[in-house]
Amino acid sequence: MFASAFRVSALLLAIAASLLGSSEPHLVSAQIALLDQDPAPPTAQPTQKLPAPAPHPISRSPLRMALPRRTYLCADGARVVILFETSAARLTLNDRIFNMKLVQSASTTKYAAGPVVWSSTGEDGFLADNTDPANPKMLAEKCHMTSSFPVAAPAANAITGTVSYRQHISLPPDAVVVIHLQDVYLPDAPSPFLAEFKTTVGQRNLPIPFTLKFDPTKIDPNHPYVVEASILVHEHLRFINDTAYPVLTKGNPSNIDLILVPVKALAGAKP
């Protein structure tokens, strides 16, 4: 439509020029030729490409990465791994996974996923399917904890108790009571002393109290620990414990009463 209008205007201009006797008819012809052409299409603007959105970073919850983990070895080679949350747990039995919730219990720790229940006391536990309450099915039994993360040190930093013996023997005031905390994880290797307590008997009567302080960061919850005690008189060993006193880990206490025996009694002689 616009092209036709331009042609009509050009024709009118040419007629007007001829009537006026234009001295430059070639300019009018050039203008008519230009107007006779179809107008050029508008230049297409290049499409601007928007930058691709940056990918969202993978969410890695620090809390989930640091969840406490316990590994148990059970009868018949079964292996139980448990990730603990505040009131839930993810239990893996070999290749089976159970998402469990904490169950209130006065004597044991319990987590349940429907009829499947994990029960533990200290470092021992079992997994049972109670679909038939009259005949529960043991999925994993006689489970014992073999590793834990993070390593949990004892809340206390000292072992307390008393030292005494049953014989009616008087000790001089300068007799020395020595108590050691030992790691006995390797029974065939020398047991390192982790802490030591020394005191003189003085004028005190039996039993003699003691407080054996230790560094909790040096305690491995998977290792067994014992306390050993002795009494020296003029640097000669007179009394020693002939019974093992386990402490701290594997459900053992941090308060003990040590009963010693005379050293000669160990050799079969009278004190």
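**Briefing on the predicted model**

Pro 207 is placed in the loop between strand 11 and strand 12, and a cis peptide bond, with omega at about -5 degrees, joins this proline to Leu 206. The structure is a predicted model, and the protein it describes has 4 helices and 16 strands. The points below take up confidence, the nonpolar cores, the disulfide and the backbone in turn.

**Confidence and overall figures**

- The mean pLDDT of the protein is 78, and 69% of its residues reach 70 or more.
- Two stretches call for particular care: over residues 20–25 the pLDDT stays under 50, and the model has 1 contact beyond four places in sequence for them, while residues 56–64 also have pLDDT below 50, with 2 contacts beyond near neighbours in sequence.
- Where pLDDT is low, the predicted coordinates should not be read in detail.
- Of the 271 residues in the protein, 30% are buried, and the accessible surface comes to about 18400 Å², with 58% of that area belonging to carbon and sulfur atoms.

**Nonpolar cores**

- The largest nonpolar core has 28 residues, and those that touch the most other members are Ile 159, Ile 179, Leu 181, Phe 210, Leu 212, Val 227 and Leu 258.
- Two or more residues of this core come from each of strand 9 (158–165), strand 10 (176–183), strand 11 (193–200), strand 12 (208–213), strand 13 (225–233) and strand 16 (255–262), and strand 13 gives the most, with 5 residues.
- Once its neighbours within four places in sequence are left aside, Ile 179 is in contact with Val 163, with Ala 195, Glu 196 and Phe 197, with Phe 210 and Leu 212, with Val 227, Glu 228 and Ala 229, and with Leu 258.
- Another core, of 19 residues, lies apart from the largest one and includes Tyr 72, Ala 89, Leu 93 and Phe 98.

**The disulfide**

- The structure holds 1 disulfide, formed by Cys 74 and Cys 143, whose sulfur atoms are 2.0 Å apart.
- The torsion about the S-S bond of Cys 74 and Cys 143 is about 105 degrees, and the disulfide is therefore right-handed.
- Because Cys 74 lies in the loop between strand 1 (69–73) and strand 2 (79–84), whereas Cys 143 lies in strand 8 (residues 137–149), the pair ties together parts that are 69 residues apart in sequence.
- Both partners are buried: the relative accessible area is 6% for Cys 74 and 2% for Cys 143.

**Positive phi outside glycine**

- Asp 76, although not a glycine, has a positive phi of about 60 degrees; Asp 76 lies in the loop between strand 1 and strand 2, and its relative accessibility of 84% is over the 50% cut-off, so Asp 76 counts as exposed.
- Leu 248, likewise a residue other than glycine, has a positive phi near 70 degrees, and its place is in the loop between strand 15 (246–247) and strand 16.

How values were computed
Residues are numbered from 1 along each chain as its sequence is written. This is a predicted model: local features need pLDDT of at least 70, side-chain atom pairs count only at pLDDT 80 or more; totals for chains, interfaces and linings use all residues. Side-chain values use heavy atoms; hydrogens and water are left out. A nonpolar core is a set of buried Ala, Val, Leu, Ile, Met, Phe, Trp, Tyr and Cys residues joined through side-chain atoms within 4.5 Å. Buried means under 20% relative accessible area, exposed over 50%, partly exposed in between (1.4 Å probe, protein chains only). Contact means heavy atoms within 4.5 Å. A disulfide is a pair of cysteine sulfur atoms within 2.5 Å. Accessible areas come from the Shrake-Rupley method with a 1.4 Å probe; for residues, only the protein chains shown count as cover. pLDDT is the predictor's confidence in each residue, from 0 to 100.
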